[in-house]
Amino acid sequence: MKKVDSNGTLVKADIVDLVYTKVGFTRHEAVQAVEIIFQEIKKHLAQGENVRISRFASFILRKKNSRSAR
């Protein structure tokens with residue numbers, strides 16, 4: 001069941017499929033749930049907060065130096 005893209009990473013469609021099968025939502029409900037979760041992650045990252053989802057992933061902001069253009 002676990003599909004990966006050519007880089008070996010989990011993609012949004014895989015997460016939707018897992019929510020659909022494991023939770024029992026309809027496909028439309030699963031898509032909406034995943035979108036809501038991603039929107040919340042983006043919102044908190046935009047506010048400068050780190051996001052940690054237990055047993056899934058951590059999204060840690062790092063300060064990077066600017067690069068010069070070519």
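**Salt bridges in a predicted model**

Glu40 is partly exposed, its relative accessible area being 35%. This is a predicted model in which local features need pLDDT of at least 70 and side-chain atom pairs count only at pLDDT 80 or more, while totals for chains, interfaces and linings use all residues. Residues are numbered from 1 along each chain as its sequence is written, and side-chain values use heavy atoms, with hydrogens and water left out.

Q: Why is Glu40 called partly exposed?
A: Buried means under 20% relative accessible area, exposed means over 50%, and partly exposed is in between (1.4 Å probe, protein chains only); Glu40 has 35% and therefore counts as partly exposed.

Q: Why is Asp17 called buried?
A: The relative accessibility of Asp17 is 15%, so Asp17 counts as buried, whereas Arg27, with 44%, is partly exposed.

Q: How do you know that Arg27 forms a salt bridge with Asp17?
A: The closest N and O atoms of Arg27 and Asp17 are 2.7 Å apart, which means that the pair meets the cut-off. Arg27 lies in helix H2 and Asp17 in helix H1, so this pair ties together parts that are 10 residues apart in sequence.

How values were computed:
A salt bridge is a side-chain nitrogen of Lys or Arg within 4 Å of a carboxyl oxygen of Asp or Glu. Helices (H or I, at least four residues) and strands (E, at least two) are DSSP runs, numbered from the N terminus.
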